[in-house]
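Hi there,

Here is the structure I promised to pass on. Have a look at it first, and then read on for what I found.

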Amino acid sequence: MTSMTSGAARLTSLMARGAEFLGSEVAILCGAMSWVSERNLVAAMSNAGGFGLIACGAMTPELLDAEIAGTKALTDKPFGVNLITMHPQLMDLIEVCTRHNVTHVVLAGGLPPAGSLEAIKAGGAKLICFAPALSLAKKLIRSGVDALVVEGMEAGGHIGPVSTSVLAQEILPEVADKVPVFVAGGIGRGEAIAAYLEMGAAGVQLGTRFVCATESIAHPNFKKAFLRASARDAVASVQIDPRLPVIPVRALKNAGGELFTAKQREVAGLLDEGKVAMAEAQLQIEHYWAGALRRAVIDGDVEHGSVMAGQSVGMVTKEEPVAEIIAALVSEAETALAKRG
Ligand SMILES: Cc1cc2nc3c(=O)[nH]c(=O)nc-3n(C[C@H](O)[C@H](O)[C@H](O)COP(=O)(O)O)c2cc1C
């Protein structure tokens with residue numbers, strides 16, 4: 001065997017478990033990105049041999065129903081749906097997934113609320129959850145979750161406080177033999193994919209790297225902002241009021257950051273006056289993000305909207321088809337593994 005074919009064989013073998021779990025050719029998920037991960041990007045991802053995820057975000061059950069049907073019209077490969085745990089109609093959204101025989105459901109935004117895990121599994125789908133710490137990873141596995149995503153703070157969008165490299169070291173050795181674990185956050189090239197697979201990951205999840213795919217419907221201004229940005233432009237939002245815990249969001253620096261500070265002040269004021277309860281205050285912040293992201297992704301207002309992006313944004317250098325992005329990642333991973341001999 002030449003070293004390159006051995007690199008390819010090694011990658012196939014390292015990805016086998018994750019690819020089997022997903023029903024894809026390669027164990028690379030395109031993480032759900034609100035407004036970006038709709039039928040076109042999801043279908044392109046699955047058609048190219050990876051695994052696409054619809055971002056349900058704040059969609060109503062009717063809109064999700066239409067999005068799943070639209071995706072099915074563009075691909076006959078498996079894809080998944082990402083649901084946010086705080087969605088007030090979570091159980092109805094699960095029902096929509098079941099009706100469509102969606103094979104994989106990702107629950108984002110916290111531990112599965114009562115009844116949701118059972119409903120997803122009873123509907124026949126595999127359940128994937130985010131594990132922000134080792135203790136939670138173990139708890140999720142005990143409760144019957146089928147796979148985990150371990151996502152570090154390098155990622156775009158809502159983030160936790162710990163880096164991908166630390167989470168991977170803490171979590172993979174303890175749980176990778178129990179359920180498939182997909183590592184996410186800050187992955188821009190195949191060398192990093194090879195490294196996480198060798199550490200025991202079943203696969204990886206990337207978001208930022210796929211935003212500028214030709215098939216992505218993100219506004220040309222949004223894509224241009226990505227192509228211009230470097231790692232240090234993708235900064236985490238700052239919490240201004242200790243009583244109002246807001247989950248930080250990583251996005252490109254712009255005037256929208258200041259609008260978010262103003263929004264936090266406004267919501268903190270409402271809390272002070274007793275006009276809203278904490279849960280409602282946090283929901284208002286989440287709605288703010290959804291609106292700000294839409295403004296940037298769909299309307300192209302990258303100055304006042306939220307241009308959520310991970311630190312790998314500097315490695316996004318051109319608009320290209322999903323299949324080419326996957327081919328580049330695979331080839332980089334194969335070369336890295338071949339060099340190990
Ligand atoms: C523009 C954007 C929007 C995102 N929206 C969501 C979302 O709605 N739900 C979610 O679970 N993750 C969301 N994410 C996170 C991605 O699914 C993925 O896990 C993350 O991008 C991986 O890290 P990376 O950006 O470093 O590749 C978003 C990320 C980006 C860049």
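Does Leu227 count as buried, partly exposed or exposed, and why? Leu227 counts as partly exposed because 14 C-beta neighbours lie inside 10 Å. The cut-offs here are 20 or more other C-beta atoms within 10 Å for buried, 12 or fewer for exposed, and partly exposed in between, with C-beta atoms placed from the backbone.

Two notes before going further. This is a predicted model, in which local features need pLDDT of at least 70 and side-chain atom pairs count only at pLDDT 80 or more, while totals for chains, interfaces and linings use all residues. Residues are numbered from 1 along each chain as its sequence is written.

Back to Leu227, which sits in helix H9 (residues 220-228). Helices (H or I, at least four residues) and strands (E, at least two) are DSSP runs, numbered from the N terminus. Setting aside residues up to four places away in sequence, Leu227 touches Cys212, Val316 and Thr317; a contact means C-beta atoms, placed from the backbone, within 7 Å. The C-alpha atoms of Leu227 and Val313 are separated by 7.6 Å, although these residues are 86 apart along the chain.

**Domains**

The protein is divided into domain 1 (3-218 + 315-339) and domain 2 (220-311), with bounds that come from an automatic or database domain assignment. Their C-alpha centres lie 24 Å apart. Where they meet, 22 residues of domain 1 are in contact with 21 residues of domain 2. The domain 1 side of that contact divides into 10 nonpolar, 10 polar and two charged residues. For this count, Ala, Val, Leu, Ile, Met, Phe, Trp, Tyr, Cys and Pro are nonpolar, Asp, Glu, Lys and Arg are charged, and the others, Gly among them, are polar.

**Ligand**

The ligand is surrounded by 27 residues, and the closest are Gly31, Gly156, Gly157, Gly207 and Gly310; a residue is near if its C-beta atom, placed from the backbone, lies within 6 Å. This shell is made up of 11 nonpolar, 13 polar and three charged residues.

**Core**

The largest nonpolar core holds 113 residues, and Leu148 and Val181 touch the most other members. A core here is a set of buried Ala, Val, Leu, Ile, Met, Phe, Trp, Tyr and Cys residues joined through C-beta atoms within 7 Å. Helix H12 (residues 322-340) gives the most to this core, with nine residues. Both domain 1 and domain 2 contribute residues, so the core lies between them. Apart from its neighbours within four places in sequence, Leu148 is in contact with Ile128, Cys129, Ala131, Ala137, Leu140, Val179 and Val181.

**Strands**

Two of the contacts of Leu148, Ile128 and Cys129, belong to strand E5 (residues 126-130), where five of the five residues are buried. Lys126, Ile128 and Phe130 point one way from E5, and Leu127 and Cys129 point the other way. Strand E4 (residues 104-108) runs parallel to E5, joined by four bridges; two strands pair if DSSP finds at least two bridges between them. Val105 stands opposite Leu127 in that pairing.

E4 is largely enclosed by the rest of the structure, because five of its five residues are buried. His104, Val106 and Ala108 cover one side, with Val105 and Leu107 on the other. Strand E3 (residues 80-84) is parallel to E4 and joined to it by five bridges, with Leu83 as the bridge partner of Leu107.

There is also an open sheet of three strands in the order E7-E11-E10, with antiparallel pairing. Strands E7 (157-158) and E10 (234-236) stand at its edges with a single partner strand each, so one side of each is left without a neighbour in the sheet. E7 is joined by two bridges to E11 (residues 249-252), and His158 has Val249 as its bridge partner.

**Two loop residues**

Trp35, in the loop between strand E1 (28-30) and helix H2 (39-47), has a positive phi near 75 degrees. Asn101, in the loop between helix H4 (90-99) and E4, has a positive phi near 55 degrees. Trp35 counts as partly exposed, with 19 C-beta neighbours inside 10 Å, whereas Asn101 is exposed, with 12.

Best wishes
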